[in-house]
2 protein chains.
Amino acid sequence: MRLVGQASHHYKRGSLTGDLSKAAHLPRRERKKAILRERLFDTAMDLFETQGYDGTTVIEITERADVAKGTFFNYFPSKESVLLAYHEQLGREIHQRAERIARTPLSARDRFDRFFAQVSKIAKREKVRLAILIRQVVVYPGLVPRSGTVEREHTSWAFLWPSVLAIHRSFLEDGQERGELRGDIDSATAATIISSIWATTLIQWAFNDGGFSLQKAMSKRMDVLFAGLARREDS
Amino acid sequence: MRLVGQASHHYKRGSLTGDLSKAAHLPRRERKKAILRERLFDTAMDLFETQGYDGTTVIEITERADVAKGTFFNYFPSKESVLLAYHEQLGREIHQRAERIARTPLSARDRFDRFFAQVSKIAKREKVRLAILIRQVVVYPGLVPRSGTVEREHTSWAFLWPSVLAIHRSFLEDGQERGELRGDIDSATAATIISSIWATTLIQWAFNDGGFSLQKAMSKRMDVLFAGLARREDS
DNA sequence: TCATAATATTGACCATGGTCATTTGTCAAC
DNA sequence: GTTGACAAATGACCATGGTCAATATTATGA
């Protein structure tokens, strides 16, 4: 238990909602509300990071944020939902990178490799928090995206899957390089496979306290996936 | 929430510990202890199945089993640990099948297919319980096997991974068919990939209330894995 | 049969996540 | 200013998972 992490505070505050810069023109009530939510989020995540999720009580959070216990639940429906907010934030950041990569003229494999590099960087930065997230809510039904048809098919790792899907699709739709991937595999299947491998690798990495190179491990597995398990005649 | 399932009671009782048949010659104390543990396990799982995990309190379990609340914690260190016991039981059953298949003279793909068929059957039988298990503890660190070196590398889905590994290894060590799989892929990597795909597929299936053919879905994904994502020159 | 030790059962007790009626604060209209 | 309507903060309260010292039960030996 416990998962006490070294308190690394290089986390960019204020990124929970992108609106906080715009928040200046909001009515005072709204502005204060947003600020307090942010403060609760930051306080909670900091405590999670230093004391672990289970080792942190809601009262600790609210005392440090200097509000009453009940106030916390005005802003977050549950203790766990703080992690859900974190999950969304992480997903947004990752997806932004993915979208940029999807527009880059590279081979399929190179696009994925670049994506892995980016995610690895983020994972390294978020190590402790990621481990907490994984332990606590990764398979949680609350993370299942309920929107689109395709999305509904995917159950966990909501924060990776859309990005992988975007990259894979971009490749298929990208006339100039069509044909480098097998055409008979639908995007959803490919994305599911890739992100499930990612998920497993990330879990291993997080629980291993970052004891191996995430990028190398993932690259090795992608080698296998690209080339296939079966022995090839032409080799 | 809730996950109320149709109460399907075709679950073989008394299989929590294989010793229960032998239990007849145990001293009375030991025998009673084993029986009570079994009763608590069965009662708990039945309630989980009908009312969901969160919808069942420990008091409900103990009242139905006609003991005091504290007694429960003499037999299980936590409510969740009932699910851990279930997880182990499931793992044992699956692994037995895997070992038998590993000794069967079939091609690599056929061995895996047969294994999938078996697991699919078990999954169908255990549908509700499996969903509960997944929701509650699948990624839980308590499930990480801490023994062997290789095992420690794998983080979740402990109940699938050893089986997949066994089959894959059996194939590699099986002289008569060596060469059908690429030889440069180590067993652990292959097993990780396969079981992570399995995990994702199972999660999707369980949360989809068994709304698609587990076997077909898995087969499709294995096709991709065996052939590889990259376009092949010789096709 | 009794005394003693070993073990199992019990329920009062605690900590904590979460609820909700009540209180406090904010803002606009007059 | 004063008032009233709305929103937010508050902490007493509840439910439940888990602990533990006290009690009851069973086994053993004389």
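Of the 21 residues around DNA strand C, those that come nearest are R28(A), S78(A), V67(B), A68(B) and G70(B), where a residue is near a strand if its C-beta atom, placed from the backbone, lies within 6 Å of it. The structure is a predicted model, in which local features need pLDDT of at least 70, side-chain atom pairs count only at pLDDT 80 or more, and totals for chains, interfaces and linings use all residues. Residues are numbered from 1 along each chain as its sequence is written, and chains are lettered from A and ligands numbered from 1 in the order in which they are written.

At least two residues each are supplied by helix 1 (28-51), helix 2 and helix 3 of chain A and by helix 1 (28-51) and helix 3 of chain B; helices (H or I, at least four residues) and strands (E, at least two) are DSSP runs, numbered from the N terminus. Helix 3 of chain B provides the largest share of this surface, four residues. By class, seven residues are nonpolar, six polar and eight charged. In this division Ala, Val, Leu, Ile, Met, Phe, Trp, Tyr, Cys and Pro count as nonpolar, Asp, Glu, Lys and Arg as charged, and the others, Gly among them, as polar.

DNA strand D is likewise surrounded by 21 residues, the closest being V67(A), A68(A), G70(A), R28(B) and S78(B). Two or more residues of that surface come from each of helix 1 and helix 3 of chain A and helix 1, helix 2 and helix 3 of chain B. Helix 3 of chain A gives the most, with four residues. The surface near DNA strand D comprises seven nonpolar, six polar and eight charged residues.

The loop between helix 2 (58-64) and helix 3 (69-75) of chain A contains D66(A). Phi of D66(A) is near 60 degrees, a positive value in a residue other than glycine. D66(A) is exposed because 9 other C-beta atoms lie within 10 Å; a residue is buried if 20 or more other C-beta atoms lie within 10 Å of its own, exposed if 12 or fewer, and partly exposed in between, with C-beta atoms placed from the backbone. In chain B, D66(B) lies in the loop between helix 2 (58-64) and helix 3 (69-75) and has a positive phi of about 60 degrees, although it is not a glycine. D66(B) has 9 C-beta neighbours inside 10 Å and therefore counts as exposed.

Chain A has 10 helices and zero strands. Of its 235 residues, 37% count as buried. Among contacts in chain A with a separation of 6 or more, 66% join residues 24 or more positions apart, two residues being in contact if their C-beta atoms, placed from the backbone, lie within 7 Å.

Y86(A), in helix 4 (residues 80-102) of chain A, counts as buried because it has 23 C-beta neighbours inside 10 Å. Leaving aside neighbours within four places in sequence, Y86(A) is in contact with M45(A), R129(A) and L133(A). The C-alpha atoms of Y86(A) and D42(A) are separated by 10.0 Å, with the two residues 44 apart along the chain.

Helix 8 (residues 161-173) of chain A has buried residues that include W161(A), L165(A), H168(A) and F171(A). The buried residues of helix 8 pack against helix 4, helix 5 (108-125) and helix 9 (187-207) of chain A.
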